[in-house]
Amino acid sequence: MNPNPRQLKLMQHVQKHHSSTVDELAAHLDVSVQTVRRDVHRLSEAGLLARFHGGARLPDSTIENIAHHQRENLHAEGKRRIAQAVAQAVPNDCSLLINIGTTTEAIAKALMQHTGLRVITNNINVAAILSRNQNSEVIVAGGVVRARDQGIVGEATVDFIHQFKVDIALIGISGIEADGSLRDFDYREVKVSQAIIANAREVWLAADASKFNRLAMVRVAHLGQIDRLFTDDVPPEPFPELLARAQVRCDIAL
């Protein structure tokens, strides 16, 4: 399912508030309750929302992410703004490690005008995008390719990443919990992301506002291991205090 603009707005409202009644959604979208019920039914069948009597909430799963093609359409405008902010901050003539995710793919598109970049990635989509930039070099990690999102994972990927030390790691994440932990769904992907973090002089996290308080099964790292966060809205409580305590610079892409 590819949600239409109204359904995307509905999902964003539910993700921001974690749950919402049909009446609240109808008022927020300025549509009828019947329209909201139809949208919620379709989105729940697609696994993007969970229904309860009189409303909708986030899916319960902490073990499986939303499909890649669906995530591409979620928060697309926020990801675009984040990508532009990251691209403005990345200097020419530097080395980058970029991990798996639709946000990092948006960043790759925003880096197309840069020169002198040397990019190491385990994301085939990122490599395909940046390989069209003739003024930069792309190095693709070896390993097992996941069919669902063209991410490369496994022990061979981890070993490959450990050969490098780059200027900046650009990473996406599935969820940031209230204890400051960064989380994802696939243990093999997490091991690669941990190697990327360990082999960068600076670590920049790109995460739209829906990632705050989103649950996922596997711990990747902690906010204290991040130097800079790029997001598209003011982080909710308790994250401003956590970011300040961890001395993470927060860039809000408006």
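# Close-up views of a predicted chain

The protein chain exposes about 11600 Å², an area from the Shrake-Rupley method with a 1.4 Å probe, where for residues only the protein chains shown count as cover. Carbon and sulfur atoms supply 48% of this area. This is a predicted model: local features need pLDDT of at least 70, side-chain atom pairs count only at pLDDT 80 or more, and totals for chains, interfaces and linings use all residues. Residues are numbered from 1 along each chain as its sequence is written, and side-chain values use heavy atoms, with hydrogens and water left out.

**View 1. The whole chain.** The C-alpha trace spans about 55 × 40 × 35 Å along its principal axes. The radius of gyration is 18 Å, which agrees with the value near 18 Å for a compact globule of 254 residues. This radius is taken over C-alpha atoms, and the globule rule is 2.2 Å times the number of residues to the power 0.38. The chain holds ten helices and 15 strands. Both are DSSP runs numbered from the N terminus: helices are H or I with at least four residues, strands are E with at least two. Of the 254 residues, 54% are buried. Buried means under 20% relative accessible area, exposed over 50%, and partly exposed in between (1.4 Å probe, protein chains only). Among contacts (heavy atoms within 4.5 Å) between residues at least 6 apart in sequence, 60% join residues at least 24 apart.

**View 2. The segment after strand S15.** Ala253 lies in the segment after S15. Ala253 is buried, at 7% relative accessible area. Leaving aside residues up to four places away in sequence, Ala253 touches Arg81, Ile82, Ala85, Thr231 and Asp232. Ala253 and Val86 are 167 residues apart along the chain, yet their C-alpha atoms are separated by 8.9 Å. Leu254 is also in the segment after S15 (249-252). Leu254 has 84% relative accessibility, so it counts as exposed. Val234, Ile252 and Leu254 make a nonpolar surface patch of about 330 Å². Patches are made of residues with over 30% relative accessible area and no salt bridge; like charges are joined within 9 Å, nonpolar side chains (Val, Leu, Ile, Met, Phe, Trp, Tyr) within 5 Å.

**View 3. Aromatic pairs.** A pair of aromatic rings is described by the distance of the centres and the angle of the planes. Rings of Phe, Tyr and Trp (its six-membered ring) pair if their centres lie within 6.5 Å; planes under 30 degrees apart count as stacked, over 60 as edge-to-face and the rest as tilted. The count comes to three aromatic pairs. One of them is Phe160 with Phe164, tilted, with centres 5.3 Å apart and planes at 55°. Phe164 is partly exposed, at 22% relative accessible area. Another tilted pair is Phe212 with Phe239, with centres 4.9 Å apart and planes at 50°. This pair links distant parts of the chain, 27 residues apart. Phe212 sits in the loop between S12 (200-206) and S13 (218-222), Phe239 in helix H10 (residues 239-246). Phe212 and Phe239 are both buried.

View 4. The peptide bond from Glu237 to Pro238 is cis, with omega near 5°. Pro238 lies in the loop between strand S14 (228-231) and H10. Asp30 is not a glycine, yet has a positive phi of about 60°. Its loop runs between helix H2 (22-29) and helix H3 (33-45). Asp30 is exposed, at 70% relative accessible area. Gln150 also has a positive phi, near 60°. Gln150 lies in the loop between strand S7 (144-145) and strand S8 (152-153). Gln150 counts as partly exposed, at 29%.

**View 5. Salt bridges.** A salt bridge is a side-chain nitrogen of Lys or Arg within 4 Å of a carboxyl oxygen of Asp or Glu. The whole structure has 14 of them. Arg6 and Asp39 meet at 2.6 Å, N to O. Arg6 is in helix H1 (residues 5-17) and Asp39 in helix H3, 33 residues apart. Arg6 is partly exposed at 30%, whereas Asp39 is buried at 1%. In helix H5 (residues 76-89), Arg80 and Glu77 lie three residues apart, about one turn. Their closest N and O atoms are 2.7 Å apart. Glu77 also bridges to Arg81, at 4.0 Å. Elsewhere, Arg146, Asp149, Asp186, Arg188 and Glu189 are linked in a network of salt bridges.
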